[in-house]
There are 2 protein chains.
Amino acid sequence: MSNDMHWSRWGDLSHGDDLPESAIGLLELAFGDLRPVRSARLTDVQPRPVLLDDAVLDELRSLLGADNVSVDHEVRIRHTRGKSTPDLLAMRAGDVAAAPDAVLSPGTHEEVVALIEIAGHHRIAVVPYGGGTSVVGGLTPDGVGENGVVAIDLSRLDALVEVDVESSTATVEAGVLGPRAEELLAEHGLTLGHFPQSFEYASIGGFAATRSSGQSSSGYGRFDSMVVGLKVATARGTWDLGTAPAGAAGPDLRQLVLGSEGAFGVITQVRVAVRRAPEVKAYETWRFPSFAQGRDALRNLVQDDLNPTVLRLSDEAETTLNLADPDSVGAAGGGGVLMVCGYEGTAGRVHRMRDEVSARLVSLDGVSQGDEAGRRWAAGRFGAPYLRDALMDRGVIVETLETATFWSDIEALYDAVKVALEETLRGTGATPIVLCHISHVYRTGASLYFTVAFDGNEQPAEQWQRAKAAASEAIRRCGATITHHHAVGRDHLHWYAQEIGPIGVRALRAVKAAMDPDGVLNPGVLIP
Amino acid sequence: MSNDMHWSRWGDLSHGDDLPESAIGLLELAFGDLRPVRSARLTDVQPRPVLLDDAVLDELRSLLGADNVSVDHEVRIRHTRGKSTPDLLAMRAGDVAAAPDAVLSPGTHEEVVALIEIAGHHRIAVVPYGGGTSVVGGLTPDGVGENGVVAIDLSRLDALVEVDVESSTATVEAGVLGPRAEELLAEHGLTLGHFPQSFEYASIGGFAATRSSGQSSSGYGRFDSMVVGLKVATARGTWDLGTAPAGAAGPDLRQLVLGSEGAFGVITQVRVAVRRAPEVKAYETWRFPSFAQGRDALRNLVQDDLNPTVLRLSDEAETTLNLADPDSVGAAGGGGVLMVCGYEGTAGRVHRMRDEVSARLVSLDGVSQGDEAGRRWAAGRFGAPYLRDALMDRGVIVETLETATFWSDIEALYDAVKVALEETLRGTGATPIVLCHISHVYRTGASLYFTVAFDGNEQPAEQWQRAKAAASEAIRRCGATITHHHAVGRDHLHWYAQEIGPIGVRALRAVKAAMDPDGVLNPGVLIP
């Protein structure tokens, strides 16, 4: 049942996540002496007593089989919260108050439909649990303290249901994690091409429910753009969506389910566009004199239909920090900012695209740094969350936030968010380091992804909450989106309501009321 | 007020729409002797008395100015119905029962908001009227006979509001027609690249409200994929959507408004992605041995990211008919089917794409037919609706319908729809000609566009209704969409409800009730 993720850290313990000596030196230069921070042990923490009564548990056991209904402490704790820094801080402090009362593991779509019905009948909150990687409070529903909460662990929905080679689509069950999806598709010579930083633990259903976007989005597109069909278990029964790649048959209702975070139903199956697995992968880094010039280069490429598979540009601070760490990208010195350009496809296509992009980047004052650093970036692309744990072990708090807007507003957005983060954290007595990169580009705009590190005081969660609120206000003032690929959850709800306005809120609430009359589907999430 | 479209035909009378002698000969070969069919004159028809009382008209006049509230017979008739063949048959028969009671011409977004409020207060149905080109009953609301119907003519919302060169977007008011939009953008060296067959008369707001797709969709994309922002006048006030190109902030609510056909509100402004106007346009035709082989070639191109600006493939019947008409595409003989490949962009890009596509098509048994026929196709691309009028003047009924599905289902869909149309029309005593082409392709599937011509009996609208119903049943049996780019309107409602299922219907009704509590927004359209 479920994956091998650590209950209060990212990944499993087999992953070496201690810091190299050189990094510790650097950190102490920035933050002064570091002190080891203790973290609660699994054996020390205790979830609250199970709220579900025996009759309900018996009903669930007779539906799913006794093995697939767990009230075991460890299982419950392992399905508590997601993996945001506030989540980890709470878990490290031994706070497992958000633990579900039971963890249910349905094996079929029909079982999910049936258990939503049971949950509705008994007014028990239902939290869909894919990989458990939410960083926005998506796994922390309201409703605790009333009739209880169950997590629906989707890991038994693990099949590649169909490969339609002619249509270039695959139908995959929601519980399949990123690496397993790639493994199953590789047997058919195919790839999904979706590699968010959470890839190793995140699930297909979660990608859809949160509108995930991966590091190769320039080439393969966002996850929502890959989805052509969905099967959803709702309180009203089964909802099948997707009769054609695109159409004019009213609003695109798939787009109502994508990003719905379990509030309207549980996605159990996704039909996605797939691609032939690439023959060749080549990653190269480029140096630009400034973040502004690098941004202009990205915009120039994408507005001229030059779309490498990966495009990623670090600002000056992120470039400097990465250069300072010999295990990271761009070991060569020289100032400015680094861009990663990755190319995947047939040898011929990669060759041609790379030639064309390279010529363009040279004309825009880019200087190639060769393949070595690019290869290192690709090898370490899923590594940052492990590093976060190692830093938190020493009292350094790391968290990320992200947004997106149109190109003409990008610079103002960058400045506003950076200033908001820095000033607010300084106001808490911390010495913040704020890094930023662009990793998703569109013809009309781009994302900004901020990484923040600071020396936590006794209340690091409050420090971060203040910084996050200030950054979110700045995002709203700039008219940008509160989230480009992390979703709304509970953490973004306040600013999300402002973003979609009272009419948007009204529309969502109407759909929620129609789809979830008992209000049991991930309550408190998404709907302002 | 409004455009110069004829009240019961397509286009204006200055357009020569008579048939060449050669075509008449061909038609008589197919259908036997043709007889001229009389059509009602504008001076002979009379709309019903205005249902609105004077107090309401005064309220509207004081909001919009007396000049912008018309109850003139001709103005009302010119805003009656759209341009489907059933619409034209009704109008030719002098049936103007669907005429609105008044035609209102607001000059600002705020006026649209205010008049929706007035309409709600008095329970008057409101029909947004852009170019009047609906072919699915989108301009024929229920509600006539109660408190009346007003058409909101959007033609005074005619501004290019903003060009954001850096973000490559333009903000355009809803009433701007296709050619005017291109003219306004051309002043900035830009193009929208949206050229549906209705281009000459259809409006920006209508493109958005119906999810239009143009003949250059392979290169420029569907209209819904171009939209990054919307301003909507609703019964709840102003709704602004679009904070970033894409994001994870919940369901994409823009996609709830796109395709909503005025049922949730009136789109008054659209922010769209634009492109640099192409330096070069080159259109070429290719011959393939069969429709099946041509289809495989299209699929091969698009699944390998080879996307000419225009891709269009006629089946054997359409190819033959086009070849038989010396004014149409593909004058050279030789059997098989014709594909149009169009390339637009910089000279270098067109050259490279054309080389790569041509090599691929040759490898797939395509034989280039050169540029001449392609140029002729491009020149005549908006001509078919004029031809329809000329044929109807002789008792030959022409109508189209379209659908889309995934590649692996395309052949079965083609066969099923063709057989349904032919058998049903033969059952009415007609001799049908059924033509088909593919004009919109995706990695995962494609559209099918059928053109049907038959010798009408005394009840041609009923003949067509039976054929359309049979084709629609066939589409549903195949699991395809009831419309790829014509929208739902009233004509598709029955099959649309089946397509989205009871849960989809429930979701739409919930949004409708929330957004339009008085039920006055284009009632009867879209919502099953």
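## A helix pair and a chain interface

The crossing of α11(A) and α16(A) is right-handed, meaning that the near helix is turned clockwise from the far one by less than a right angle. This is a predicted model, in which local features need pLDDT of at least 70, side-chain atom pairs count only at pLDDT 80 or more, and totals for chains, interfaces and linings use all residues. Residues are numbered from 1 along each chain as its sequence is written, chains are lettered from A and ligands numbered from 1 in the order in which they are written, and side-chain values use heavy atoms, without hydrogens and water.

Helices here are DSSP runs (H or I, at least four residues), numbered from the N terminus. The two helices pack at about 155 degrees, their axes 11 Å apart; axes are lines fitted to C-alpha atoms over the stretch in contact, and angles run from 0 to 180 degrees between N-to-C directions. The pair is therefore roughly antiparallel (an angle over 145 degrees). Contact means heavy atoms within 4.5 Å.

| Helix | Span | Residues in the contact |
|---|---|---|
| α11(A) | residues 291-303 | Phe291(A), Arg295(A), Leu298(A), Arg299(A), Val302(A), Gln303(A) |
| α16(A) | residues 407-427 | Trp407(A), Ile410(A), Glu411(A), Tyr414(A) |

Between the chains, 82 residues from chain B meet 82 residues from chain A. About 6,200 Å² is buried there, with 58% from carbon and sulfur atoms; buried area is the accessible area (1.4 Å probe) that two parts lose on being put together, summed over both. Thr243(B), Phe406(B) and Ile503(B) supply 12% of what chain B buries against chain A, more than any other three residues.

The interface also holds 10 salt bridges (a side-chain nitrogen of Lys or Arg within 4 Å of a carboxyl oxygen of Asp or Glu). Arg276(A) and Asp304(B) form a salt bridge at 3.6 Å, N to O.

Methods
Angles under 35 degrees count as roughly parallel, over 145 as roughly antiparallel, 65 to 115 as roughly perpendicular and the rest as oblique.
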